[in-house]
Amino acid sequence: MHLTDHISDVQLNEYLDNETANRAEIQVHLDSCDECAARLSAIQALFTELASLPEATLSRDLAAHFFPERKLPQLPRWLTLTAALQAAAALVALIVTLPFLPVILTQVELPSFTTIFGQFQNQWRAFLNAFSTFHLPELATLPIPVMEISTLLFALAAIFVLWIFGNGLLLRNRS
Amino acid sequence: MDATADRDLILCARRGDSEAYGNLVNRHQTSVFNVCYRILHNRNDAEDLAQETFIRAFDRLHTFDIEREFKPWIHRIAANLCLNYLESHKPAFSLDEERDQDKTPGPGEQVEDKERSRQIRSALASLPPHYRLVVELRHYQDLSYDEIASELDIPLSAVKSHLFRARKLLAEKLHAPD
């Protein structure tokens, strides 16, 4: 390319895109040619305008499509059916027994609260006594610990309540 | 944009973690939408195509080279989808001017900027689909001539002529006396 020749628009585009091999020659020409420099400025102005286009904003969240929906765990059909049948049976039983309830209640002598509390205290004391007198047996002769049946039942009931409570907590954390 | 975070999310998404992919979409949805919007010039279509881009990308995620950047990859999927869309819907595109208008009137300078943006979008919308795409790839995705040729599967000479003619048309539209 002669320094006296004007640079074509195609060459100016390539120059601005950094896609020309003879960049140095074009630069030398641009420094001395006002006409080519003016044409370069005009193309450059278009580049600037295109770059000035602001980013538009979305009107909806495209990411929502990909986030998994949080669904409640589905119980098996047989379990829901059993629970519904149990509830229905309980309701029928309640309706059937309702007319007899006042008659039954008058025949039953309900113990007072102090009596129940006293019984509970005795059982608890017996339970503690059983523990306080308990000694680890010799391995050779392992006797069955003597324990009142009421104490044993009470211990089992306590374990059962704890078990139900523990499971409830576990299931609550999973849901 | 943190490329390492993108990589971690992609690795999780490849293992079937759709929440990780949702987070990846969250990071790139605006830029992908803008690629579509610049090419299609219709908001609704651009949003639909941007959504489609992420769905396609999810299906092809196993082919993505984890050592490369995610953004150029997803932008090219979007650009190609838009070109296919334009070619199959040739007569039916319109500039969504109503929604482009400034809904919250501000100072005079801001209104002028909005008006100039609208003119640029309008000028871009008037270009033939292939011209629009080379402008998008060159000016907004910063691809070289060789990369554009390879991406669009056209000769280098076609890239140069498309780009040259597109710019000439844009300059005529933008600098024409009102």
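A residue is termed buried if 20 or more other C-beta atoms lie within 10 Å of its own, exposed if 12 or fewer do, and partly exposed in between, with C-beta atoms placed from the backbone. The views below show a predicted model, in which local features need pLDDT of at least 70, side-chain atom pairs count only at pLDDT 80 or more, and totals for chains, interfaces and linings use all residues. Residues are numbered from 1 along each chain as its sequence is written, and chains are lettered from A and ligands numbered from 1 in the order in which they are written.

**Figure 1. Overview of chain A.** Chain A contains seven helices and zero strands, where helices (H or I, at least four residues) and strands (E, at least two) are DSSP runs numbered from the N terminus. From the N terminus on, its elements run α-α-α-α-α-α-α. Of its 175 residues, 6% count as buried. Two residues are taken to be in contact if their C-beta atoms, placed from the backbone, lie within 7 Å. Among the contacts in chain A with a separation of 6 or more, 56% are between residues 24 or more positions apart.

**Figure 2. Overview of chain B.** The secondary structure of chain B comprises nine helices and zero strands, in the order α-α-α-α-α-α-α-α-α along the sequence. Chain B has 178 residues, of which 31% are buried. Where contacting residues of chain B are at least 6 apart in sequence, 63% of the contacts join residues at least 24 apart.

**Figure 3. The largest nonpolar core.** A nonpolar core is a set of buried Ala, Val, Leu, Ile, Met, Phe, Trp, Tyr and Cys residues joined through C-beta atoms within 7 Å. The largest one has 44 residues, and those touching the most other members are Cys36(B), Leu49(B), Ala50(B), Ala78(B), Cys82(B) and Val134(B). At least two residues each are supplied to this core by helix 1 (3-14), helix 2, helix 3, helix 4 (70-88), helix 6, helix 7, helix 8 and helix 9 of chain B. Helix 2 of chain B gives the most, with ten residues. In soluble globular proteins, nonpolar side chains tend to be buried together.

**Figure 4. Packing of helix 7 against helix 8 in chain B.** The axes of helix 7 (residues 129-140) and helix 8 (residues 145-152) of chain B come within 10 Å and cross at roughly 135°. Helix 7 of chain B is therefore oblique to helix 8 of chain B. Axes are lines fitted to C-alpha atoms, for helices over the stretch in contact, and angles run from 0 to 180 degrees between N-to-C directions. Angles under 35 degrees count as roughly parallel, over 145 as roughly antiparallel, 65 to 115 as roughly perpendicular and the rest as oblique. Leu133(B), Val134(B), Leu137(B) and Arg138(B) of helix 7 of chain B make the contact with Ile148(B), Glu151(B) and Leu152(B) of helix 8 of chain B. By class, this contact has five nonpolar, no polar and two charged residues. Ala, Val, Leu, Ile, Met, Phe, Trp, Tyr, Cys and Pro count as nonpolar, Asp, Glu, Lys and Arg as charged, and the others, Gly among them, as polar.

**Figure 5. The loop residue Asp142(B).** Asp142(B) lies in the loop between helix 7 and helix 8 of chain B. Its phi is near 60°, a positive value in a residue other than glycine. With 9 C-beta neighbours inside 10 Å, Asp142(B) counts as exposed.

**Figure 6. The interface between chain B and chain A.** In this interface, 29 residues of chain B are in contact with 24 residues of chain A. On the chain B side, two or more residues come from each of helix 2 (18-40), helix 3 (43-59), helix 6 (108-125), helix 7 and helix 9 (156-174). Helix 2 of chain B gives the most to this side, with eleven residues. The side of chain B that touches chain A has 13 nonpolar, ten polar and six charged residues.

**Figure 7. Crossing of helix 1 of chain A and helix 9 of chain B.** The axes of these two helices come within 10 Å and cross at roughly 100°. Helix 1 of chain A and helix 9 of chain B are therefore roughly perpendicular to each other. Asp9(A), Val10(A) and Asn13(A) in helix 1 of chain A meet Lys160(B), Leu163(B), Phe164(B) and Arg167(B) in helix 9 of chain B. The residues of this contact divide into three nonpolar, one polar and three charged.
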